Each structure stands twice: as structure tokens, then as C-alpha cells.
Amino acid sequence: MRAIVIKQYGGPEVLALEERPAPDPKPGQVVIDVKAFGLNHAEIYFRRGAWGDVAEISGIECVGLVKADPSGRFVLGEMGRSINGSYAELTSVPATNVVAVKTDLSWEDLAAIPESYATAWTSLFGILAVQPGQTIAIRGATSALGQAAVNIAAHAGARVIATTRNANRASRLESLGAKEVLMESPELSKRVRERHPHGIDAVLDIVGNTTVLDSLASVRRGGHVCLVGFLGGGGPLTLEPVFQMPSGTHLSVFASALVTGTPEFPLSEIPFQTIVDRVAAGIYKAKPTKVFRFEDIQQAHRLMESNEAGGKIVVRL
């Protein structure tokens with residue numbers, strides 16, 4: 001089979017297209033005939049070696065057909081870090097990380113859904129427990145995950161504040177359901193407090209360590225911040241909770257690529273068929289912003305690393 005492998009740690013140029021033996025299914029696993037996969041920022045860190053040794057074939061999600069199951073399934077889960085992932089024509093993954101859906105969506109459109117919408121759904125409902133009428137800020141909202149979160153939270157009846165570094169993307173966020181769009185800054189909490197003096201209910205922070213303390217300053221007593229991404233970089237964070245966390249606030253994390261599909265975060269908690277149906281109906285606006293050929297993976301990674309994609313990048317086999 002053809003596979004994209006990490007020859008050494010570094011920039012997009014280290015991703016090489018090579019022949020590799022097709023995987024054999026092990027007990028408890030299935031082999032996926034990969035049709036398309038979405039790119040994720042975690043794969044930049046895998047490629048750079050920033051998170052330690054990783055599998056030579058990257059990729060944490062894909063859509064395709066399960067060769068051992070004639071009904072066909074689509075897959076999401078913990079790939080590309082400890083086991084070879086989706087950057088290949090075939091991949092073998094734990095059966096617990098496989099979900100079957102029925103849809104007429106194209107492979108490209110389907111590939112824009114799994115990781116982004118599963119992560120957003122679990123973060124919003126499984127961790128932040130967002131309720132209708134609550135106010136939530138989504139920092140890094142023009143990312144693929146951010147757009148999915150805006151979509152889901154607004155449809156669930158929450159009042160969404162979305163942040164962006166590019167004012168030209170405000171209309172896109174409003175079309176997804178955001179009621180307020182603010183320019184991202186290290187002191188966003190001041191502007192949030194001007195509009196909401198008592199603080200807001202929750203923040204989904206996709207920017208990361210550089211903003212999480214400011215996110216905590218945005219929420220009310222009993223408010224909750226969930227750290228779910230590192231768009232602003234994954235550098236160290238020195239946290240002195242007694243002095244830096246406002247009293248009565250909550251901070252949690254969701255490391256989707258590490259825990260999705262485990263017994264603690266089973267895929268059964270995510271209504272994939274409902275999500276796919278809502279995408280097909282246009283309720284959730286999950287469309288890839290750019291589709292690349294398998295052979296153009298280096299170009300796709302350069303675009304992802306530039307943070308200029310404005311949404312989900314998909315690779316089609």
C-alpha cells in the first residue's frame with residue numbers, strides 16, 4: 001500500500017510517500033480502506049517530534065470502508081501517535097474506534113466531520129455541560145474545531161461569543177450562529193466583562209496555554225473553562241491556582257486524540273448519525289475549506305501550519 005511516512009522530525013518536507021506492507025487485522029481491530037482524512041494540528045506536533053516518539057504513519061482520523069465488514073463503516077480515534085494512523089491507503093485500528101453511519105455525503109464532506117465534531121460535542125456536553133440560554137465563548141472559533149463548536153452550541157440554544165484574529169471571518173462565524181464576534185487578544189476577558197459584568201458561563205479554549213488564564217477571568221463564579229487545543233502554541237504554563245484562578249471557577253482539559261474511544265470517553269456517547277444527518281440537512285455547516293490529493297500532503301501541511309485555512313483541510317485518496 002502507499003503511505004505517507006515521517007522520515008525524520010521536522011517541517012512538511014519530511015513527509016514522504018512510500019510503499020509499506022498492508023496491515024493485518026489483530027484481535028479486536030479492523031482494517032480500514034481509507035477514502036479520505038482530515039488534517040489536525042496535533043499532526044503538526046507529531047511531525048515535529050514535539051510530543052515524543054510517534055508512529056511513522058501519522059493521522060488521527062479518517063473515513064472509509066471496513067474491509068472486514070461488508071456493511072461498511074467510518075472511523076475516528078486514537079491513531080498516529082502510538083499506532084500507525086490514517087495517512088495511508090489502509091490502516092488497522094481498534095474496533096472500539098469505529099462507528100458506522102449511513103449517508104449520501106461525499107467522502108470529502110464526510111471527512112470534515114469526525115474529529116472536529118466529536119471533539120466539540122464531547123467538550124460542550126460531556127465536559128462543559130452547556131445548557132440552552134447559557135453564554136459560552138469559543139476562542140479560536142475560525143478553526144475547524146471552533147466552527148464545529150459554534151455550530152453545535154448555537155443549535156443547542158446557547159448564546160455564543162466567538163473569537164477570531166481576522167475580522168474578515170466575522171460573517172462566517174455569525175452564519176454559524178455566533179451572537180457576538182470579538183477579536184482575539186491576550187486581554188479578551190476585559191471586553192467580555194464589559195458586556196457581561198458578572199462573567200459568562202463557560203469558555204471553550206482552543207487557543208491554549210497562552211490564553212487559558214484570561215479565559216478563567218471571563219467566567220462567573222461556578223463558570224467552567226475547558227482547554228481543548230493549542231492553536232497559540234503548546235509551550236509551558238506555570239499555574240498557581242490559589243493566586244491565578246478566580247475563586248469558584250473550574251478548569252478542565254479534553255485531550256481528544258488521546259482518549260476518544262477509550263472506556264472513559266466511548267464513541268457511543270457521541271451521536272455520529274445525528275451529526276452526519278444534520279450536516280447533510282445543512283443544519284451543521286461542515287464543509288472542507290480545501291481538499292488536497294494524497295500526493296500533495298506537504299502542501300496541505302504547509303497550509304495547516306500557516307493557520308490561514310479558515311476551516312477543515314481534507315485529503316482525498
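Colleague: Hi! Quick one to start: is Cys-62 buried or exposed?
Modeller: Cys-62 counts as buried, because its relative accessibility is 1%. Buried means under 20% relative accessible area, exposed over 50%, and partly exposed in between, using a 1.4 Å probe and protein chains only.

Colleague: Before I go on, what sort of model is this?
Modeller: This is a predicted model, in which local features need pLDDT of at least 70 and side-chain atom pairs count only at pLDDT 80 or more, while totals for chains, interfaces and linings use all residues. Residues are numbered from 1 along each chain as its sequence is written, and side-chain values use heavy atoms, with hydrogens and water left out.

Colleague: Thanks. What about Cys-226, buried or exposed?
Modeller: Cys-226 counts as buried, because its relative accessibility is 0%.

Colleague: On to the inside. How many residues does the largest nonpolar core have?
Modeller: It has 46 residues, and Leu-124, Ile-136, Ile-138 and Leu-204 have the most contacts inside it. A nonpolar core is a set of buried Ala, Val, Leu, Ile, Met, Phe, Trp, Tyr and Cys residues joined through side-chain atoms within 4.5 Å.

Colleague: Which elements give two or more residues to this core?
Modeller: Among them are helix 3 (114-127), strand 8 (135-139), helix 4 (144-155), strand 11 (200-205) and helix 10 (272-280). Helices (H or I, at least four residues) and strands (E, at least two) are DSSP runs, numbered from the N terminus.

Colleague: What does Leu-204 touch?
Modeller: Leaving out residues up to four places away in sequence, the residues it touches include Leu-124, Ile-136, Ile-138, Ala-149, Cys-226 and Val-228. Contact means heavy atoms within 4.5 Å.

Colleague: What lies apart from that core?
Modeller: Another core, with 35 residues, including Met-1, Ala-42, Leu-90 and Val-315.

Colleague: Let's look at a helix. Which residues of helix 11 are buried?
Modeller: In helix 11 (residues 297-306), they are Ile-297, Ala-300, His-301 and Met-304. Seen down the helix axis, these buried residues fall within an arc of 100°, so they line one face of helix 11. The arc is that of the directions from the helix axis to the C-beta atoms.

Colleague: Why would residues three or four places apart point the same way?
Modeller: Because an α-helix has 3.6 residues a turn.

Colleague: What do the buried residues of helix 11 pack against?
Modeller: Their partners include strand 1 (2-6), strand 2 (15-19), helix 1 (42-48) and strand 15 (313-316).

Colleague: And what comes just after helix 11?
Modeller: Asn-307, which takes a positive phi of about 60° although it is not a glycine. Asn-307 sits in the loop between helix 11 and strand 15, and it counts as partly exposed because its relative accessibility is 25%.

Colleague: Which other residue has a positive phi although it is not a glycine?
Modeller: Ala-129, with a phi of about 50°. Ala-129 is in the loop between helix 3 and strand 8 and, at 39% relative accessibility, counts as partly exposed.

Colleague: Now helix 6. Which residues are buried there?
Modeller: Leu-188, Ser-189 and Val-192. They line one face of helix 6, because they fall within an arc of 95° when seen down its axis. Lys-190 and Glu-194, on the other side of helix 6, are exposed.

Colleague: What is Val-192 in contact with?
Modeller: Setting aside neighbours within four places in sequence, Val-192 is in contact with Leu-182, Ile-200 and Ser-218. The C-alpha atoms of Val-192 and Ala-137 are separated by 8.9 Å, although the two are 55 residues apart along the chain.

Colleague: Last topic: how much space lies in the largest pocket?
Modeller: About 1000 Å³. Its lining has 46 residues, with His-41, Ile-206, Gly-229, Phe-230 and Leu-231 nearest its centre. On a 1 Å grid over the protein atoms alone, a pocket is an open set of points where a 1.4 Å probe fits, with protein on both sides within 12 Å along at least five of seven lines, and lining residues have an atom within 4 Å of a point. Grid points are joined across faces, edges and corners, and a volume is the space filled by probe spheres set on the points.
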